[in-house]
Amino acid sequence: MAGHSKWANIQHRKGRQDAKRGKVFTKLIKEVTVAAKMGGGDPASNPRLRLAIDKARGESMPKDNIENAIKRGTGQLEGVSYEEARYEGYGIGGAAVIVDCLTDNKVRTVADVRHAFSKYGGNLGTDGCVAFQFSHCGQLMFAPGVDEEALMDAALECGAEDVITDDDGSIEVVTSPADFSTVKDALEAAGFKAEFGEVTMKPMNETELTGDDEAKMQRLLDALDSLDDVQEVYTSAVFGD
């Protein structure tokens, strides 16, 4: 299967995430806490918590911080109670946008999200207005030059749902959200280390933006990303190479 040229866009998104490192510990602690609250404090039986801990370790978060976040989630330690909130809307050129938040005050959060949309040329929509355009899945991206046939065989053997070869030679392995960590670990054991991997909301159709529209959309995404309550921003927008 060939796909839209993704490599530059994945690198672009990774660069955006690297640029907001100041917020990363706060986001990860919130995610660990909420994952433990919702599914229990044992990562072996809680895939969401296991993924959150893996992310935290990947950012060199101290073990004590992770353990305390789990304890706050399970009620062993006092802490702020966060709840999940998802907002959906439209960006430049009608590109779909999903904003996932963890918040202790939904009134404040929706006001902040609405303001960012309106200030930067987007529109906050109603619940469900764009979510149907996305697939909740695990995504592992491998750089151009990887042995396509060997990777495909290994990925399908360890439970991946799909393997997509892009026009630029990069390869995308798609998994169910629950199988993401298992497939990632199995591929690493087989010698295939992804350049980028996450459980994400993957757009089923993409809106390509260039020039001024690309710049405007980037400002909107950055504004949403910078909000304290925002954990993840997903969009159908892709930027011209």
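Guide: The answer below begins with the salt bridges and then turns to other parts of the chain.

This is a predicted model, in which local features need pLDDT of at least 70 and side-chain atom pairs count only at pLDDT 80 or more, while totals for chains, interfaces and linings use all residues. Residues are numbered from 1 along each chain as its sequence is written, and side-chain values use heavy atoms, with hydrogens and water left out.

A salt bridge is a side-chain nitrogen of Lys or Arg within 4 Å of a carboxyl oxygen of Asp or Glu. By this rule, the count comes to 12 salt bridges.

Let us begin with Arg-108. Its side chain meets that of Asp-104 in a salt bridge, at 2.8 Å from N to O. Arg-108 is partly exposed, because its relative accessible area is 32% (buried means under 20%, exposed over 50%, and partly exposed in between, with a 1.4 Å probe and protein chains only). Asp-104 also counts as partly exposed, because its relative accessibility is 44%.

Arg-108 forms a salt bridge with Asp-229 as well, and here the closest N and O atoms are 3.0 Å apart. Arg-108 lies in helix α5 (residues 106–119), whereas Asp-229 lies in the loop between α8 (211–225) and β10, so this pair ties together parts that are 121 residues apart in sequence. Helices (H or I, at least four residues) and strands (E, at least two) are DSSP runs, numbered from the N terminus. Asp-229 has a relative accessible area of 7%, which means that this residue is buried. Salt bridges that share partners join Asp-229, Arg-108, Asp-104 and Lys-30 into one network.

Another salt bridge joins the side chains of Lys-55 and Glu-232, with 3.8 Å from N to O. Lys-55 belongs to helix α3 and Glu-232 to strand β10 (residues 230–235), so the pair ties together parts that are 177 residues apart in sequence. Lys-55 counts as partly exposed, because its relative accessibility is 34%.

Ser-60 has a positive phi of about 60°, although it is not a glycine. With a relative accessibility of 61%, Ser-60 counts as exposed.

We return now to helix α8, where Arg-219 is found. Arg-219 is partly exposed, because its relative accessible area is 45%. The C-alpha atoms of Arg-219 and Ala-116 are separated by 9.6 Å, although these residues are 103 residues apart along the chain. A contrasting pair is Ser-181 and Gly-79: they are 102 residues apart in sequence and 28 Å apart in space, from C-alpha to C-alpha. Ser-181 lies in helix α7 (residues 180–189) and counts as buried, because its relative accessibility is 7%.

Some charged side chains are grouped in another way. Asp-147, Glu-148, Glu-149, Asp-153 and Glu-157 form a negative surface patch. Patches are made of residues with over 30% relative accessible area and no salt bridge, with like charges joined within 9 Å and nonpolar side chains (Val, Leu, Ile, Met, Phe, Trp, Tyr) within 5 Å. Asp-147 lies in the loop between β5 (134–142) and α6 (148–157), and this residue counts as partly exposed because its relative accessibility is 47%. Glu-148 is found in helix α6; with a relative accessible area of 36%, Glu-148 is partly exposed too.

Glu-172, by contrast, is buried, because its relative accessible area is 1%. Glu-172 lies in strand β7 (residues 171–175). From C-alpha to C-alpha, Glu-172 and Gln-139 are 6.7 Å apart in space, with a separation of 33 residues in sequence.

The unreviewed UniProt entry carries the annotation "domain: TACO1/YebC-like second and third" for residues 82–236; UniProt positions are given in the numbering used here, feature names are shortened, and annotations may be inferred rather than shown by experiment. In the model, this span is 32% helix and 35% strand, and its end C-alpha atoms lie 27 Å apart.

Technical notes:
Accessible areas come from the Shrake-Rupley method with a 1.4 Å probe; for residues, only the protein chains shown count as cover. Lys and Arg count as positive and Asp and Glu as negative; His and the chain ends are not counted. The place of a charge is taken as NZ of Lys, CZ of Arg, CG of Asp or CD of Glu.
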